[in-house]
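Subject: Structure handover

Hello,

Here is the structure we talked about, passed on to you with some notes. Please look through the sequence and the model first, then read on.

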Amino acid sequence: MAERRRPMRPVAPLPSADLPVVAIVGRPNVGKSTLFNRLVGRRQALVADTPGVTRDRKEGLAVVRGRQIRLIDTAGLEEAAPDTLFGRMRSSSEGAMVNAALVLFCVDARAGITPSDEHFAQWVRRQGRPVLLVATKAEGRAGAAAAMEAYSLGLGEPVAISAEHGEGLADLMFEIVDHLPPEPAPEKDDESEDEWAEDPEAGLDGEEIIETRPKGPMRLAIVGRPNAGKSTLMNALLGEERMITGPEPGLTRDSVAVTLYDEGDEFEVVDTAGLRRKARIDEALEKMSVSASIEALKMAEVAVLVLDATLGVHEQDLQIARLIEREGRACVLALNKWDMVEDRIGTRKAILDRLSISLAQMRGVPVVTFSALTGAGLRRLLPAVRDAWTVWNARVPTGELNRWFEAALERHTPPLVEGRRLKLRYMTQVKSRPPTFVIFGTRAELLPEDYKRYLVNGLRETFDLPGVPIRLQLRGTKNPYADSR
């Protein structure tokens, strides 16, 4: 097979990188995430009637009165020691305000102004950023009147809204635009839109079809059990303390997407909440977190399955790997905390043996060993992601595929089914992402599972398709001379 080319196009800087940043801050449970979801236009952040649901800051693009902004939802502000969980959450909120063009300081009009509101209003003023005071949960006339109490904070006139019911959002949008710096004049783009048009002759004369990658970043989901080091890995990739980390398991509650650039390629990296066994998921909030993780996996192109190398492969790791395979995603196995492993050769062999026995569809999955905490070996991860993505997008020329198919049938003749031999005629690849093949033949739909595994293994080995799910579909043809009774 000809050498596979990586079908990536040069990536221009994200337009969102130059958009004004608007940060939503306030004490816990004042409706920040509900407001965030309203402004971005979809349910992107987890919302529950529980203080402290949001821990990591979450970004989204919003259009406000025709103006694009980068909106940041932050954790609730609480007074706590820096080394505690709430202290780390507050530090993350401070980081969101560093480059903010505008800060939306939210208070709960229903609960009234609390000492915490007064304390953090003074703290926000000291940050030196433009501030817009927002009184949330101000439904109806009574709520709007109660919102006026927020004047006492000295942050100007409050904008009364109810994000849950959509009241007052139009006024808030006008105020946001008025408080933003002037929009810069658009730069002329001299690059032709047709430069990346598909070659009209691609795929002719038996040439391998190279699919053009859709516009936008490569979508990458970091998944695994709780406390495997997923958020530490995210921070190491970004080179900053973007995610809250610590010894406590289950710190990440929501899926958080961040854009990353590496060697001219653009990645949308999503850190997800840890996936535990279904029987151990009790709280409604944790169920929402797990649902968000699974949804992020469905939207991803490549899944990085993070394992704690000091603990080896657990059954839950295998369940997550099966979920990746069932969703048809490319996979990279990331063995974290490798610096703490003493018998590295034995540990690696034990993990790969367990995977080869339990997950036949993941045979040949790329494995990267590293320490997210120290950064040792981390440079190998993104190249492995690119390679896995390339295999996931691979296409095999039909002529070459059927020459292999004929040879495979000669080596092992299709079995007898109900006393008659199956006649398999030809094979074609109908799609990639993941590679999907269709076999046509008389009563092909009756092909036994062991013979399908034989064909899948042959496809994987012959056409260099390691570590990705291979879909094999069967299409039978009706025999016009068969008894129709």
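A residue is called buried when its relative accessible area is under 20%, exposed when over 50%, and partly exposed in between, with a 1.4 Å probe and protein chains only. Helices (H or I, at least four residues) and strands (E, at least two) are DSSP runs, numbered from the N terminus. The model is a predicted one: local features need pLDDT of at least 70, side-chain atom pairs count only at pLDDT 80 or more, and totals for chains, interfaces and linings use all residues. Residue numbers start from 1 along each chain as its sequence is written, and side-chain values use heavy atoms, leaving out hydrogens and water.

Strand β10

In strand β10 (residues 302-308), 7 of the 7 residues are buried, so the rest of the structure largely encloses this strand. V302, V304, V306 and D308 point one way, A303, L305 and L307 point the other way, and all of them are buried. In general, side chains in a regular strand alternate between the two faces of the sheet.

β10 has pairing partners, where two strands pair if DSSP finds at least two bridges between them. Strand β7 (residues 218-224) runs parallel to β10 and is joined to it by 5 bridges; L220 has V302 as its bridge partner. Strand β11 (residues 330-336) is also parallel to β10, with 7 bridges, and V332 in β11 stands opposite V304.

The sheet with β3

An open sheet of 6 strands has the order β2-β3-β1-β4-β5-β6, with mixed pairing. β2 and β6 (159-160) are at the edges with a single partner strand each, so one side of each has no neighbour in the sheet.

Strand β3 (residues 67-73) has 6 of its 7 residues buried, so it is largely enclosed by the rest of the structure. It pairs with strand β1 (residues 21-26) in the parallel sense over 4 bridges, and V22 stands opposite L71. With strand β2 (residues 58-64) the pairing is antiparallel, over 7 bridges; A62 has I69 as its bridge partner in β3. β2 and β3 make a hairpin with 2 residues between them, and R65 in the turn has a positive phi of about 50 degrees.

A polar atom of its side chain is 2.9 Å from the backbone oxygen of P181. Contact means heavy atoms within 4.5 Å. Apart from neighbours within four places in sequence, R67 is in contact with P20, A62, V177, L180, P181, P182 and E183.

Helices α1 and α5

In helix α1, 7 of the 9 residues are buried, so the rest of the structure largely encloses it. Those covering its buried residues include β1, β2, β3, β4, β5 and α5. After α1 comes G41, with a positive phi near 85 degrees.

The axes of α1 (residues 32-40) and α5 (residues 169-179) come within 12 Å and cross at roughly 80 degrees. The two helices are therefore roughly perpendicular (65 to 115 degrees). Axes are lines fitted to C-alpha atoms, for helices over the stretch in contact, and angles run from 0 to 180 degrees between N-to-C directions. L35, R38 and L39 of α1 meet L169, L172, M173 and I176 of α5.

Regards

Definitions and conventions: A polar contact is a pair of N or O atoms within 3.5 Å; within protein, one must be able to donate a hydrogen and the other to accept it, and residues adjacent in sequence count only if both atoms are side-chain atoms. Angles under 35 degrees count as roughly parallel, over 145 as roughly antiparallel, 65 to 115 as roughly perpendicular and the rest as oblique.
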